[in-house]
Amino acid sequence: MLSHHVDADALYEKSKDHPHTKSHAHQMARHSGGVYASRDGAKDIPRFSLPAEGMSGKAAYQMLHDELVLDGSPALNLASFVNTWMPEEGEKLMYENMYKNLADQDEYPATVRVQERCISIIANFWNVPKDCKAVGTATGGSSEAIMLGGLAMKKRWQEQRTKAGKDTLKPNIIFGSNAQVALEKFARYFDVEMRLVPVDESTRFVMSPKRAVDYIDENTIGVMVILGSTYTGVFENVQEMSDELDAYEAKTGHHVPIHVDAASGGFFAPFAYPKFKWAFDVPRVQSINTSGHKFGLTPVGLGWIIWKDEQFLHKDLIFELHRIARVDLANARALSRALEASGYYKVVSEIHDKFTETGVGAAIADAAGQADESSPLYYQRGLPVVAFRFSDTFKQEYPHCKQEWIQNLLRVKGWIVPNYALPPNAESIEVLRVVVRESVSAEMVERLIAEIMTTTAELMKKSTSAVMMATVSEAEVKVVNNRKQVVFSKPC
């Protein structure tokens with residue numbers, strides 16, 4: 001069916017009233033301060049240039065407020081890892097200090113000292129060895145922190161190659177095809193060949209250390225290991241990657257460091273799995289980044305990067321750095337179990353599965369077997385992420401139901417639960433995903449379960465209204481996806 005583009009702005013311009021006189025009411029309302037009854041609410045306000053006349057601050061606030069409220073409630077955005085709540089005391093501190101320029105260290109030394117203490121706290125939190133002089137800094141987010149971590153590895157690799165009389169023309173970096181887009185940006189921005197390790201169901205949709213070794217050579221500046229895949233929440237195995245690189249170095253003589261992208265897991269794993277080795281207690285880990293505005297529970301706009309020792313931070317990157325001196329998963333597990341118990345869905349994420357592992361993890365598995373079922377140690381490690389899809393039985397019985405319709409119908413009700421394909425080699429599998437943040441209460445999970453079950457039942461009955469709504473919403477959602485590809489076509 002052919003469709004024609006409709007210019008909504010032009011259509012509205014032709015349809016609206018064009019008064020030639022200004023009423024007395026408009027003139028009076030101009031001075032009243034009210035926006036809805038005032039000329040400010042009725043006159044044309046240019047959207048892409050400054051107006052000829054100003055308006056009151058109250059009117060400007062109201063107009064922007066009314067436009068921004070269309071974004072919906074952040075609390076219902078279950079697609080995002082970004083924190084959506086903080087205590088009143090935290091908001092008060094931010095308000096009191098919002099006009100300080102953090103870069104002006106001479107004028108605001110107390111703020112700098114707070115940052116220094118945070119760096120020390122995080123470094124110790126991540127088990128930095130006592131004989132190391134760790135360094136780090138706050139950043140605008142994990143993306144900036146990843147750039148710094150990758151650039152430090154590249155600079156160090158170039159320096160070592162130059163000393164050995166070898167060329168530095170073809171650096172490469174290794175990470176899984178499930179990596180968040182910031183890792184790809186680093187490779188592109190800083191002229192480093194990106195070698196993506198394929199993932200599939202046999203690797204639990206995350207990078208396999210054994211596969212990764214096949215992509216390494218003398219030009220590899222490092223391997224980026226992800227502590228919490230944005231697709232399924234599964235942790236990549238830092239210790240196993242380190243062991244594989246030890247074996248590779250013993251065989252070839254090439255030293256390859258590890259950077260851990262702990263954007264989501266850095267403030268989560270130490271609480272949920274305190275004995276899990278993934279940080280600076282793994283010798284080959286050189287640097288770690290994390291986001292404060294995810295499970296660090298701050299509002300958006302804060303990241304951290306820590307290097308285990310100052311030797312790993314190249315002098316070219318130093319401008320002013322300082323010495324570094326139980327998260328509840330019950331709601332995520334409850335959602336996972338409810339979805340699988342319905343028979344409609346198969347949960348791809350693993351945090352509700354009992355912990356089982358052989359080899360290196362056998363001792364941990366034994367300890368998990370003795371743990372209480374309320375303990376995170378009893379279950380597979382990962383972020384509080386629930387990734388799920390239609391079960392095979394459901395797809396056979398209801399072939400007319402499209403999984404993406406669930407996303408669309410939930411969006412109509414205010415919930416943002418994205419549906420997207422898994423990484424390359426597994427892109428035929430689509431999953432819906434919910435991020436269970438601290439602010440996602442048990443009551444909210446219960447409500448979400450009810451909404452998902454009701455929506456699914458409507459589609460099973462071939463409800464005309466439900467199918468029409470899903471189909472109409474599908475077109476709208478696809479437009480959004482094209483504008484925000486990072487959000488839906490590749491989760492962030």
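**View 1. Arg204 sits in the loop between strand 3 (193-197) and helix 9 (209-213).** The model shown in this and the following views is predicted. With a relative accessibility of 35%, Arg204 counts as partly exposed, and leaving aside residues up to four places away in sequence, Arg204 touches Thr232, Val234, Glu350 and Gln380. The side chains of Arg204 and Glu350 are joined by a polar contact of 2.6 Å. Thr232, another of the residues that Arg204 touches, lies 28 residues away along the chain, with 8.9 Å separating the two C-alpha atoms.

**View 2. Strand 4 (residues 220-226) pairs with strand 2 and with strand 5.** Strand 4 is mostly covered, seven of its seven residues being buried. Strand 2 (residues 172-176) runs parallel to strand 4 and is joined to it by three bridges; in this pairing Ile174 stands opposite Val223 of strand 4. Strand 5 (residues 258-261) also runs parallel to strand 4, here through four bridges, and Ile226 stands opposite Asp261 of strand 5.

**View 3. Four strands form an open sheet in the order 9-10-12-11, with antiparallel pairing.** The edges are taken by strand 9 (345-347) and strand 11 (419-421), each of which has a single partner strand, so that one side of each is left without a neighbour in the sheet. On average, and with direction ignored, neighbouring strands of this sheet are turned by 40° against each other. Helix 15 (residues 403-412) lies across strand 9, strand 10 (385-390), strand 11 and strand 12, and runs at about 35° to strand 12.

**View 4. Strand 12 (residues 430-435) pairs with strand 11 and with strand 10.** Because five of its six residues are buried, strand 12 is largely enclosed by the rest of the structure. Its antiparallel pairing with strand 11 rests on three bridges: Asn419 stands opposite Leu432 of strand 12, while Ala421 has Glu430 of strand 12 as its bridge partner. The pairing of strand 10 with strand 12, likewise in the antiparallel sense, extends over four bridges, and here Ala387 has Arg433 of strand 12 as its bridge partner.

**View 5. Helix 16 comprises the 19 residues 442-460.** At 1.5 Å a residue this helix should span 27 Å, and the distance of 27 Å between its end C-alpha atoms agrees with that expectation. An α-helix has 3.6 residues a turn, so residues three or four places apart point the same way. Just after helix 16, Lys462 takes a positive phi of about 55°.

**View 6. The largest nonpolar core holds 76 residues, among which Trp278 and Phe388 touch the most other members.** Helix 16 supplies the largest share of this core, namely eight residues. A second, separate core consists of 16 residues, including Leu151, Trp157, Phe175 and Ala187. In soluble globular proteins, nonpolar side chains tend to be buried together.

Conventions
Residues are numbered from 1 along each chain as its sequence is written. This is a predicted model: local features need pLDDT of at least 70, side-chain atom pairs count only at pLDDT 80 or more; totals for chains, interfaces and linings use all residues. Side-chain values use heavy atoms; hydrogens and water are left out. Helices (H or I, at least four residues) and strands (E, at least two) are DSSP runs, numbered from the N terminus. The expected span of a helix is 1.5 Å times one less than its number of residues. Two strands pair if DSSP finds at least two bridges between them. Axes are lines fitted to C-alpha atoms, for helices over the stretch in contact, and angles run from 0 to 180 degrees between N-to-C directions. Contact means heavy atoms within 4.5 Å. A nonpolar core is a set of buried Ala, Val, Leu, Ile, Met, Phe, Trp, Tyr and Cys residues joined through side-chain atoms within 4.5 Å. Buried means under 20% relative accessible area, exposed over 50%, partly exposed in between (1.4 Å probe, protein chains only). A polar contact is a pair of N or O atoms within 3.5 Å; within protein, one must be able to donate a hydrogen and the other to accept it, and residues adjacent in sequence count only if both atoms are side-chain atoms.
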